[in-house]
Amino acid sequence: MAFIALSGWVIWKSERFQNLFQGVSQARLSEALKRPVSFRTAGFRIFPPSVSLQDVVIGNDPRAGSGPLFTAEEISIGGG
């Protein structure tokens, strides 16, 4: 069990998996919000279940201005 947990953690922290996860997540969030979305890193916890995103930027409509619509250092979603 410890081997599985350690292997999962190593895969999650790998640069290749993080790039894949970020690309898919950013594309899906951008599609859902109809605005460009970007974040630097993502974290996931099993106990308590939660997801956190660091350095989140949601782009603004180009007609409304040049600055972002929303920025945050960290967003956490989950329970505990």
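**View 1. The largest nonpolar core of this predicted model****.** In this predicted model, the largest nonpolar core is made up of six residues, namely Val37, Phe39, Ala42, Leu53, Val56 and Ile58. Strand S3 supplies the largest share of this core, with three residues. One member of the core, Ile58, has contacts with Leu33, Arg35, Pro36, Val37, Pro68, Leu69 and Phe70 when its neighbours within four places in sequence are left aside.

View 2. The side chain of Ser52 is joined to the side chain of Gln54 by a polar contact of 3.4 Å. If the neighbours within four places in sequence are set aside, Ser52 is in contact with Thr41, Ala42 and Gly43, and also with Glu74, Ile75 and Ser76; among these partners, Ala42 is also a member of the largest nonpolar core.

**View 3. Gln26, a buried residue of helix H2****.** Gln26 is found in helix H2, and with a relative accessible area of 18% this residue is buried. Not counting residues up to four places away in sequence, Gln26 touches Val37, Ser38 and Phe39.

**View 4. The packing of helix H1 against helix H2****.** Helix H1, covering residues 2-13, packs with helix H2, covering residues 15-33, at an angle of about 65 degrees, and the axes of the two helices are 5 Å apart. From H1, the residues that make the contact are Ile11, Trp12 and Lys13, while from H2 they are Glu15, Phe17, Gln18 and Phe21. Sorted by class, the contact between H1 and H2 contains four nonpolar residues, one polar residue and two charged residues.

**View 5. A stacked aromatic pair, Phe17 and Phe21****.** A pair of aromatic rings is described by the distance of the centres and the angle of the planes. The count of aromatic pairs comes to one, and this pair is formed by Phe17 and Phe21, with 6.4 Å from centre to centre and 15 degrees between the planes. Because planes under 30 degrees apart count as stacked, the pair of Phe17 and Phe21 is described as stacked. Both residues lie in helix H2, where Phe17 and Phe21 are four residues apart, about one turn of the helix. Phe17 is partly exposed, with a relative accessible area of 29%, and Phe21 likewise counts as partly exposed, at 26% relative accessibility.

Notes: Residues are numbered from 1 along each chain as its sequence is written. This is a predicted model: local features need pLDDT of at least 70, side-chain atom pairs count only at pLDDT 80 or more; totals for chains, interfaces and linings use all residues. Side-chain values use heavy atoms; hydrogens and water are left out. Axes are lines fitted to C-alpha atoms, for helices over the stretch in contact, and angles run from 0 to 180 degrees between N-to-C directions. Contact means heavy atoms within 4.5 Å. Ala, Val, Leu, Ile, Met, Phe, Trp, Tyr, Cys and Pro count as nonpolar, Asp, Glu, Lys and Arg as charged, and the others, Gly among them, as polar. Rings of Phe, Tyr and Trp (its six-membered ring) pair if their centres lie within 6.5 Å; planes under 30 degrees apart count as stacked, over 60 as edge-to-face and the rest as tilted. Buried means under 20% relative accessible area, exposed over 50%, partly exposed in between (1.4 Å probe, protein chains only). A polar contact is a pair of N or O atoms within 3.5 Å; within protein, one must be able to donate a hydrogen and the other to accept it, and residues adjacent in sequence count only if both atoms are side-chain atoms. A nonpolar core is a set of buried Ala, Val, Leu, Ile, Met, Phe, Trp, Tyr and Cys residues joined through side-chain atoms within 4.5 Å.
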